[in-house]
Amino acid sequence: MEEPMKRYGVGYALAPKKRASFIQLSLVNLAKERGIDLIKIDTDKPLIDQGPFDCVLHKLYGDDWKRQLKDYASQNPHALIIDSPESIERLHNRISMLQVVTELEIDGQMASFGIPKQTVIYDAKMVSALYLENEGLKFPVIAKPLVADGSAKSHKMLLVFNKDGLRKLKPPIVLQEFVNHGAVIFKVYVVGDYVKCVKRKSLPDVTEDNLGRLESYLSFSQVSNLNTCEKNDDKYYKLMNLDDAELPPLSFLTDIARGLRRATKLHLFNFDVIRDNRVGNRYLVIDINYFPGYAKMPNYESVLTDFFWDVLNRNDKGIKSLTKGNCEKEVRVLIGNNGCGEDEGALPVSPIKMEDNENPILV
């Protein structure tokens, strides 16, 4: 008689919005066929009283949840926790997030990589054009909240064109150089050993001629989501050149992904990459996100089911298989104000509409 299939229980603790997008019936059914049961964790009850689970998949934050995970792991030492809260938290700060990239050493024969110049502002009095110049930055710059915790507010950003725009900023913020990149962003999804790159529309390039005619700032949310609001703007849409954009070499992106995985000790994340127009084979990592919207990734059900199977059967190559791989040494991470570190004339964009008081970095 054929032995019954061994079954695994994967408990998931996700915020309602994440749960709705990720836990699709197609994923649940495919996983079930492989002997993997996806089980909702009741966040109103202690985690220790639920399960037992072979794996806990989560994207929740807070000291109480960290304590619950620690208690569960101590009483269930064979259960996998994906991923460690301490590892995830490094991505919640936009300085420490990109500092990870500067630690990588990758064979750069086919291309080079780095991060944009950036500085963190803690004191509004420090936000001036002179300060930017002293830090090696010039207009335009992107202003981002220092905290990147996945919340809607953490994705609200500004493209600042001049000193008038600087006066409207509310620290703590990160100011990052805006690099012309052909209006295309590459989103690289990482699921364990699997790496997938897709193209998305981004902010159009800004020319020196246009810069002097622009208003003080442009509000936007996640750069790669701009197309959902501007797809009907023909002028904007034609500037994207998405179909003509050549993907970066997959082997190059895979090396970066593996290096990031080793440095962050994370299984599930994506990173955003742009091609620097000034140097054709130079790429900049501008953002790293934990547990992104995988449902947007082609064939995500199979990819995630394979991932669950590999980690549950300890087939995931994980950190052990990763070799040291080199971020461009000329790249600087600029930390200001005693900080610490280790989405025809004016710009043709119809930005995501929102009131100033809804933006955490606007006064």
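The largest cavity in this predicted model holds about 100 Å³ of space. A cavity is here a set of points, on a 1 Å grid over the protein atoms alone, where a 1.4 Å probe fits but cannot get out; its volume is the space filled by probe spheres set on the points, with grid points joined across faces, edges and corners. Rolling a probe the size of a water molecule over the atoms shows where empty space is left. The lining of the largest cavity is formed by 13 residues, a lining residue being one with an atom within 4 Å of a point. Nearest the centre lie I142, F178, H181, I274 and I286. By residue class, the lining comprises nine nonpolar, three polar and one charged (nonpolar: Ala, Val, Leu, Ile, Met, Phe, Trp, Tyr, Cys and Pro; charged: Asp, Glu, Lys and Arg; polar: the others, Gly among them).

Residues are numbered from 1 along each chain as its sequence is written. In this model, local features need pLDDT of at least 70 and side-chain atom pairs count only at pLDDT 80 or more, whereas totals for chains, interfaces and linings use all residues; side-chain values use heavy atoms, with hydrogens and water left out.

An unreviewed UniProt entry places the feature "binding site" at D272 and D287; such annotations are given in the numbering used here, with shortened feature names, and may be inferred rather than shown by experiment. The two positions are spread over 16 residues of sequence but cluster in space, with a largest C-alpha distance of 5.2 Å. The same annotation name, also from an unreviewed entry, covers D287 and N289.

D272 belongs to strand β13, residues 268-275, while D287 is part of strand β14, residues 282-290. N289 is likewise located in strand β14. Strands (E, at least two residues) are DSSP runs numbered from the N terminus.

D272 is buried, at a relative accessible area of 6%, and D287 is buried with a value of 6%. N289 counts as buried because its relative accessibility is 19%, the cut-off being under 20% relative accessible area (1.4 Å probe, protein chains only).

Contacts, defined as heavy atoms within 4.5 Å, are given without residues up to four places away in sequence. D272 touches I185, F186, K187, L284, V285, I286, D287 and N289. For D287, the partners are R94, M97, L98, N270, F271 and D272. N289 touches L91, H155, L268, F269, N270 and D272.

Technical notes. Helices (H or I, at least four residues) and strands (E, at least two) are DSSP runs, numbered from the N terminus. Buried means under 20% relative accessible area, exposed over 50%, partly exposed in between (1.4 Å probe, protein chains only). On a 1 Å grid over the protein atoms alone, a cavity is a set of points where a 1.4 Å probe fits but cannot get out, and a pocket is an open set with protein on both sides within 12 Å along at least five of seven lines; lining residues have an atom within 4 Å of a point.
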